[in-house]
Amino acid sequence: MGRPTSTRRGRVAIVALTAVCLAYAPIAFTELWPYARPGAPALGEWVLGRTVSPEFVAEAVRDRMGPYERSLVPLIVHSVLGGLLMLLGPVQLLTAVRRRIRLHRALGIVFAVTVYVSMAGAALYLVRTPPEQAFSGAAFWVVLAVILVGTVGSVTFGILAALTGYPDLHQRWLLLCYGFLMTAPLLRLEWGFLPTLYPGLTIQEINRVAIMHLGALVSFGALLATRALDRRTSVPGLTGSWAPGPVLVLAHLAGAAGLAALVPAFLDQGAEGRRLLLAYAVPYAVMYAVLAARAAGARRAGNGWAREEWRLHLGALLLAPAFSAVMVPVLERTMDLDRATALVAAAGIGCGMLAYTAVTVVSLRVLAGRELLRRRPGPQPPEAATPAPESAVVAPAGEEVR
């Protein structure tokens, strides 16, 4: 990782990320105290009580008490270490930006261990809690499980990429990992914000609205950060495209078919279905527009690598509704869910899982290019002999982001 390519945008992004993380850390540290000792102070409850209402907070505590009590110790470990991760994330970003390599590596080890232990606490909660008894129901349980797997998988691939000498892939996976971790503070922001849009909703209903887009937004944010830090116009061995025009046409058709299945299913659920559909469709449309525009901009600028990465992620986003539509009956049968719950769960995991798949494909694209160069007869060019140095994935400060 290195300096963001747009100084102004990079500083704004870093300041915003740091502010959210610093604000959420004490909330995470104290969030579960009232469940272990009723009446104990909790910063998150105090804030919600004043931004929403004391009744909203009391209802949330009451409804979470049952699901949490059987796994309270693992959840406390998960929450407290989650607060620590909120502090480590900006520090890791700043040490990378300022190229404090030794400190970055040492803190990276602490970060990875903390992720594994924190996610182990969350995993114990999910294993001990039947989906239908989880806070906010089975759909929320499914989304939490997928985020957990995505977090652990991305930090693991990030470690492997660093150990094998692929800093560009290490950067992508760790940004995705931290994106998944950011679902926790962003969900709390929605607890405070959505009641103003939808007065009278319970916290369970707000959670169902939030999971329609949180996984998609955090993975999209990780992609934007990745592209801001990678200004190469090509990578070793990159030839052709894994997302050519015909592939994207087929992806558009598959996405349209998926939306044709999802939209009526949501509309059949009345007011709640329309609310959930809006929470899904608006962010989806914004992400589609940005990805398409960035891919076109990279083509005009002659940046083949940026164009390829934008197009791969665009193809994954297009396939997300089709994936969700297929997953609805799968979740119905494998988890014995009703149709409405399976629909919410499938829509909630689709974009995030396909974004994870896109990062996997991008990684395979890089590895395939390096393998192609390795197998070529004759001496290799210097840039192909070894993985690109860490500074090679960073543009000079002040250049425009594409």
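## Surroundings of His 213

In this predicted model, His 213 touches Glu 190, Ala 279 and Pro 283, when residues up to four places away in sequence are left out of the count. His 213 itself is placed in the loop between helix H10, which spans 203–210, and helix H11.

With a relative accessible area of 9%, His 213 is classed as buried, because that class takes in residues under 20% relative accessible area. Among the residues that His 213 touches, Ala 279 also brings its backbone oxygen to 3.0 Å from a polar atom of the side chain of His 213.

## The cavity and its volume

How many cavities of 30 Å³ or more does the model contain? The count comes to one cavity by this rule, and the volume of the largest cavity is about 210 Å³.

## Lining of the cavity

The lining of the largest cavity is made up of 20 residues, and those that lie nearest its centre are Ser 219, Phe 220, Leu 223, His 313 and Ala 355. By residue class, this lining divides into 15 nonpolar, three polar and two charged residues.

Several helices take part in the lining, with at least two residues supplied by each of H8 (167–181), H11 (214–229), H13 (270–301), H14 (304–335) and H15 (339–375).

Notes. Residues are numbered from 1 along each chain as its sequence is written. This is a predicted model: local features need pLDDT of at least 70, side-chain atom pairs count only at pLDDT 80 or more; totals for chains, interfaces and linings use all residues. Side-chain values use heavy atoms; hydrogens and water are left out. On a 1 Å grid over the protein atoms alone, a cavity is a set of points where a 1.4 Å probe fits but cannot get out, and a pocket is an open set with protein on both sides within 12 Å along at least five of seven lines; lining residues have an atom within 4 Å of a point. Grid points are joined across faces, edges and corners, and a volume is the space filled by probe spheres set on the points. Helices (H or I, at least four residues) and strands (E, at least two) are DSSP runs, numbered from the N terminus. Ala, Val, Leu, Ile, Met, Phe, Trp, Tyr, Cys and Pro count as nonpolar, Asp, Glu, Lys and Arg as charged, and the others, Gly among them, as polar. Buried means under 20% relative accessible area, exposed over 50%, partly exposed in between (1.4 Å probe, protein chains only). A polar contact is a pair of N or O atoms within 3.5 Å; within protein, one must be able to donate a hydrogen and the other to accept it, and residues adjacent in sequence count only if both atoms are side-chain atoms. Contact means heavy atoms within 4.5 Å.
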